[in-house]
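Biologist: Could we go through the charged side-chain pairs in this one?
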Amino acid sequence: MPPTRGRPIALKLLILLTVPLLSLVGLWVFAAVLTGGDGLRLLQINELVRNLANPSEQMNVHLQTERLASVEFMIGKRSAGSLAKQRALTDSTIGTFRKLARDQPDISPEMAAQLTQLNDRLDRLPKIRRQVDGRTSTPLSVIDGFSEIVDASFRMHDTMILVPDMALYRQARAVSALGEAKDILSREQSVIAVVLSRGRVIKGEREAFTGMVATRRLLYTQALSHLDAGLRGPYQKLVGSPVYREFEEAEDAIRGQAVLNGLPATAATWPIDANNLWTVVDLNQFKAVQEIVRRVTPAANGILVKIGVAGGAGLLAVAASLMLSFRFRRRLVRELAGLRDAATELAEVRLAGLVQRLRGNPTGPVELAPLTVKAETAEVADIVQAFNTVQSTAVDAAVSQAKLRHGVNQVFVNLARRNQSLLHRQLLQLDSMERQTEEPDALDDLFKLDHLTTRMRRHAESLIILSDQAPGRGWRNPVPIVDVLRAAVAEVEEYQRVEVLQTPPLSLTGAAVADVAHLMAELIENATLFSPPKTRVDLRTTQTPHGLTVEIEDRGLGLPRPELDELNARLAEMPEFDLAQSDRLGLFVVSRLAARQGIRVRLAPSPYGGLTASVMLPSAILSDQPALAH
């Protein structure tokens, strides 16, 4: 009889969930208790209005007034003395606000964060004033600077909307949005002053004013749709009044294209229209805020009564569920954590190390010890056994893949070595026949056959390179770079289209000649294959402080940027040869040769519409020695 492995995990989960499910009815009561602090803060709404909302609103009014005064000073319509008086009034309201805010206890973390941000914005006010005094900024920038301070104040107001039900919350949010619309109206007044001083509207002012108008009208439309009849009435009356229509006409005129060349005759009344609308809006906003405050307190009292009655019945159920949950949770967490650690080690350490060893030695030891996890739960023990089965399967698959890869590589090497030997003998035979032939037509045919054999030799060497072996060709002495490039061109079918431009007097070390020539031949062949038949392929060389750069430029159709980035990534990281991607053999060959010699290859768009392959040869494989015969 097999040993008992503990209770099934399904039974444990059932025990864990039984008490929480039975106590769900009481959990909402517990959640209400958690919100009791918010209910108590609702009773302090009058204190928040007195110590934060009202002082900040007074501060905003003076900031709005100073914003207009600053713009008028910059355009020469207000004296420095008048501006200084307004700044003094603004500083007085800021000082009062900051003092009351510091003394305000028990504010929420969200409100504290917004209050800190508002104070940070207020600290920037001296800088804005210096820009105004020195006229080192544009009026629009000054308007934006003051607007950022006022916006921070509205964000603080948002955190003060502690209303107890959704209907009243929507009313309060709508009134706050109308306050923001009132500030945007003040910004429009400042822009109008700038427009009138210049006599026309420039592009930047028109774009900024258009955004203000759109935002103000959107805020009005959305806010009025959420207000009830009692709060909406004064605003609806205002929207239908001549004062509002006249100001809208002024807005439309400033946004129009025609004012770019001059203002209409009615422009003189724009400041008056804006001021008249501001007066009515300010009065409506004050009454709406007072009405919201009056509605909040009774609702808050009702919520607190409900919270107190609902009480802590859910606390006992939650406490019981927590005791049972923690009791079984500890055991499950311990088992699952051990399983997780063992599985992670298997995937990231043991199997990865095995695969790495098999790449170097396919016939090496392949045994892995099974997972050892202390499992008291039946399902966890089954998972451990399943992981051990997966491990055995993965090991067998890794061994089979390593042997297959090794066998394929050996086939590549054997076939390539045989072909390479035959092709070498064929080249010697062709060279002998070329020397003995004097007839031009026959000699031309022999040269073509010689060229085809050279290309076949390069393809045979590609198989050897893909198998991580070195080709048979080699040089003991340095070879001039121009000869290496010409040899690479000679291994390309359409070599007549390739032109090697002037090269610096440098040589390649003998050990690098074969790899560089092969790499260049692969890139040159790609350039000729993927460009129109009668176009030219240029090879340019440039000496750099770190070596030599060879650019292969074609006049083809190029590649899309995503595909180009993918190719460059493959060239940079030398990916492992994948038999499924046989259409990219040249790419694998180039990346391996580049990695072997420390060469960097990068593809980029060509000015002619094709591609430019840049091959950066490091100084380590370059030599200034005179070229010698190999």
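Predicted model: local features only at pLDDT ≥ 70, side-chain atom pairs only at ≥ 80, totals over all residues.

Biologist: How many salt bridges does the count come to?
Modeller: With a salt bridge defined as a side-chain nitrogen of Lys or Arg within 4 Å of a carboxyl oxygen of Asp or Glu, the count comes to 29.

Biologist: And which residue forms a salt bridge with Arg540?
Modeller: That is Glu553, with the closest N and O atoms 3.2 Å apart. Because Glu553 lies in strand E5 (residues 547–553) and Arg540 in strand E4 (residues 537–544), the pair ties together parts 13 residues apart in sequence; strands here are DSSP runs of E, at least two residues, and helices are runs of H or I, at least four, numbered from the N terminus.

Biologist: Is Glu553 buried or exposed?
Modeller: Glu553 is buried at 2% relative accessibility, while Arg540 is partly exposed at 27%; buried means under 20% relative accessible area, exposed over 50%, and partly exposed in between, using a 1.4 Å probe and protein chains only.

Biologist: Switching topic, what about Arg216 and Glu188?
Modeller: Their side chains meet in a salt bridge at 3.4 Å, N to O. Arg216 lies in helix H10 (residues 203–226) and Glu188 in helix H9 (residues 166–198), so this pair ties together parts 28 residues apart in sequence. Both Arg216 and Glu188 are buried.

Terms used:
Residues numbered from 1 in each chain as written. Heavy atoms only, no water.
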